[in-house]
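User: I am new to reading protein models and would like to go through one slowly. Could we look at the sulfur links and the ring contacts together?

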Amino acid sequence: MRPSALTATAGALGLAVLALSPATAHAAAPVPLADAVAALPVAGESREGYDRSLFPHWTDQDGDGCNTRMEVLIAEATTAPEADERCRLTGGEWQSYYDDRVHTEARGLDIDHMVPLAEAWDSGASEWTTERRRAYANDLDEEVALVAVTARENRAKADKDPAQWLPPSEAALCRYVTEWTTVKTRWSLSVDQAEADVLATAAAECPDAVVDTVPAA
């Protein structure tokens with residue numbers, strides 16, 4: 001299950017609305033964002049040995065002909081596109097919450113890993129197996145792990161953490177830092193000190209935001 005149009009609308013207002021997917025139906029009680037940020041382990045980062053190919057994606061997990069990218073595009077459309085037998089999309093409409101821009105063509109969108117692959121590597125994924133990195137790179141069970149956004153904004157973000165990049169839409173701040181913290185929490189990833197400081201400052205501006213997730217299998 002992916003974010004609904006209601007989630008997207010609330011996110012545009014700077015609110016964190018994190019619905020549970022079937023895979024997270026037995027999650028613990030939601031945790032205030034500030035508490036979740038404080039619970040993240042702080043550690044130094046190293047990119048030694050990183051290669052994007054160490055995170056295999058996009059995969060077709062359920063064998064329906066639509067890979068992870070297409071699944072996200074279909075689920076996050078505010079107006080549903082049509083998909084042919086090869087999962088090629090026509091029609092549809094999407095709203096990129098990073099910049100509050102509406103798209104009517106899927107090719108204008110990238111699927112952003114909320115916590116970029118390189119950042120995940122720096123923060124603990126370098127110790128994982130390839131299969132766990134595959135699961136991370138194609139995580140459809142956590143609704144906020146992957147998001148369809150304007151390609152330009154995704155490329156501006158690149159592999160930066162919140163100390164280096166935040167969405168240009170000010171209304172997106174609470175949603176973005178909550179989703180970032182959710183992914184770091186779910187996958188037991190660390191934060192560096194600058195990142196932790198920015199997250200804590202942002203959390204103080206988002207008193208109603210909560211992190212609602214379960215550890216990845």
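The questions below take up the disulfides and then the aromatic rings.

Analyst: This is a predicted model, in which local features need pLDDT of at least 70, side-chain atom pairs count only at pLDDT 80 or more, and totals for chains, interfaces and linings use all residues. Residues are numbered from 1 along each chain as its sequence is written, and side-chain values use heavy atoms, with hydrogens and water left out.

User: How many disulfides does a search of the whole structure find?

Analyst: A disulfide is a pair of cysteine sulfur atoms within 2.5 Å. One such link joins Cys66 to Cys87, with 2.0 Å from S to S, and another joins Cys174 to Cys206, with 2.1 Å from S to S. A search of the whole structure gives a total of 2.

User: Is the link of Cys174 and Cys206 right-handed or left-handed?

Analyst: The link of Cys66 and Cys87, with 100° about the S-S bond, is right-handed. For Cys174 and Cys206 the angle about the S-S bond is -90°, and that link is left-handed.

User: Why does the pair of Cys174 and Cys206 tie together parts that are apart in sequence, and how many residues apart are they?

Analyst: Helices (H or I, at least four residues) and strands (E, at least two) are DSSP runs, numbered from the N terminus. Cys174 lies in helix H7 (residues 173-186), whereas Cys206 lies in the loop between helix H8 (193-204) and strand S8 (210-211), so the parts tied together are apart in sequence by 32 residues.

User: Are Cys174 and Cys206 buried or exposed?

Analyst: Buried means under 20% relative accessible area and exposed over 50%, with partly exposed in between (1.4 Å probe, protein chains only). By that rule Cys174 and Cys206 are each buried.

User: What kind of aromatic pair do Tyr176 and Trp180 form?

Analyst: Rings of Phe, Tyr and Trp (its six-membered ring) pair if their centres lie within 6.5 Å, and planes under 30 degrees apart count as stacked, over 60 as edge-to-face and the rest as tilted. Tyr176 and Trp180 are 4 residues apart in helix H7, so about one helical turn separates them, and both are buried. Their rings lie 6.2 Å centre to centre with 40° between the planes, and the pair is therefore tilted.

User: Which residue has its charged end over the ring of Tyr97?

Analyst: A charge sits over a ring if NZ of Lys or CZ of Arg is within 6 Å of the ring centre and within 35 degrees of the ring normal. Over the ring of Tyr97, 3.8 Å from its centre, sits the charged end of Arg175.
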